[in-house]
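This briefing is meant for a reader who is meeting the structure for the first time. It begins with how the terms are used and then moves through the topics one by one.

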Amino acid sequence: MPIKYYLFLSLALFAIGIMGVLMRRNAIIVFMSIELMLNAVNLLMVAFSKMFGNADAQIFVFFIMVVAAAEVAVGLAIIVMMYRKVHSVDINILNRLKH
Amino acid sequence: MPLHEILFYFLSAMAICCALGVILSRNPVKSVLFLIATFFAISGHYILMNAQFLAVVNVIVYAGAIMVLFLFVIMLMNLNADAEPQKSRVVQLAAVLSGGALFLVIIAALRTVDLNTSGNLVTGDGEIGLIHHLGQVLFKEYVLPFELSSVLFLAAMVGAMVIGKKETQQIQEPSVK
């Protein structure tokens with residue numbers, strides 16, 4: 001397949017992720033949209049890695065997955081703590097860092 | 001039309017439709033399930049590109065571990081389908097417009113670009129994505145980042161523990177006095 005198809009596909013996934021971040025108020029769904037954007041970037045990296053015949057990009061995708069796993073653990077812990085405090089995951093309520 | 005093109009279009013349509021389902025469905029549990037389907041479609045793309053190691057890791061780490069974590073958190077929180085307040089129509093329209101504008105701007109920028117190659121991906125052959133080759137590269141050239149990622153995981157684990165535990169201490173303190 002031409003590389004442009006992969007570009008369009010991952011660009012569409014990235015744009016959908018941005019729309020999700022901007023239009024949802026549920027913090028967990030915003031988080032999932034961020035995961036979607038990370039995966040779009042991963043897909044494009046693997047496509048370019050196959051195009052150039054270079055394995056470094058696939059190692060980089062591996063490290064992106066590692067960082068995403070760590071990020072999800074800490075982020076979900078923060079969301080759970082916020083939910084215990086204010087009983088909501090609405091990001092419009094979470095804009096105050098205190099109380 | 002060869003088989004891998006049919007598979008490409010099918011997996012692409014599945015990925016985009018499921019990604020739309022993630023951001024459009026009201027129920028957060030359904031969003032998680034749509035996201036798992038998206039990850040499976042992306043894993044299918046990895047298999048089409050013969051990146052088998054990343055396909056397996058994507059299924060195990062993303063669809064297996066991270067999404068189960070999301071599912072547990074959502075089920076712990078008892079979020080009902082219609083309890084979530086929606087943003088106003090104007091904000092939603094602005095969000096869709098800005099996302100679509102970004103999409104169009106980057107497509108317009110890429111339309112004239114010369115990718116400086118023959119433009120074809122080798123889909124079925126090549127041993128770059130196999131675990132043997134990736135393991136050689138990972139443990140020869142990228143040993144230091146690999147070891148540092150273990151430190152990152154340790155920090156993330158301790159951080160998640162500390163953040164999750166803080167609240168119980170604050171609850172216990174008033175009961176002591």
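The expected span of a helix is 1.5 Å times one less than its number of residues, and helices (H or I, at least four residues) and strands (E, at least two) are DSSP runs, numbered from the N terminus. This is a predicted model, in which local features need pLDDT of at least 70 and side-chain atom pairs count only at pLDDT 80 or more, while totals for chains, interfaces and linings use all residues. Residues are numbered from 1 along each chain as its sequence is written, and chains are lettered from A and ligands numbered from 1 in the order in which they are written.

**Helix 2 of chain A**

- At 1.5 Å a residue, the 26 residues of helix 2 of chain A should span 38 Å, and the end C-alpha atoms of this helix are 38 Å apart, which agrees.
- Of those 26 residues of helix 2 of chain A, 21 are buried, so the helix is largely enclosed by the rest of the structure; a residue is buried if 20 or more other C-beta atoms, placed from the backbone, lie within 10 Å of its own, exposed if 12 or fewer, and partly exposed in between.
- Val41(A) lies in helix 2 of chain A, and Val41(A) counts as partly exposed because it has 16 C-beta neighbours inside 10 Å.
- Val41(A) and Phe14(A) are 27 residues apart in sequence, and their C-alpha atoms are 7.6 Å apart in space.
- After helix 2 of chain A comes Gly53(A), which has a positive phi near 65 degrees.

**Packing within chain A**

- Two packed helices are described by the angle between their axes and the distance between the axes; axes are lines fitted to C-alpha atoms, for helices over the stretch in contact, and angles run from 0 to 180 degrees between N-to-C directions.
- Helix 2 and helix 3 of chain A pack at an angle of about 175 degrees, with their axes 10 Å apart.
- Helix 2 of chain A and helix 3 of chain A are therefore roughly antiparallel to each other, a description used for angles over 145 degrees, whereas those under 35 count as roughly parallel, 65 to 115 as roughly perpendicular and the rest as oblique.

**Contact between the chains**

- The contact takes 56 residues from chain A and 73 residues from chain B, where two residues are in contact if their C-beta atoms, placed from the backbone, lie within 7 Å.
- Helix 3 of chain A gives the most to the side of chain A that touches chain B, with 21 residues.
- Helix 2 of chain A and helix 1 (residues 3–24) of chain B pack at an angle of about 160 degrees, with their axes 10 Å apart.
- That makes helix 2 of chain A roughly antiparallel to helix 1 of chain B.
- In this pairing, Ile29(A), Met32(A), Ser33(A) and Leu36(A) in helix 2 of chain A meet Ala19(B), Val22(B) and Ile23(B) in helix 1 of chain B.

**Chain B**

- Chain B has six helices and zero strands, and along the sequence its pattern reads α-α-α-α-α-α.
- Of the 177 residues of chain B, 23% count as buried.
- Asn50(B), in the loop between helix 2 (28–48) and helix 3 (52–77) of chain B, has a positive phi of about 60 degrees although it is not a glycine.
- Asn50(B) counts as partly exposed, with 18 C-beta neighbours inside 10 Å.
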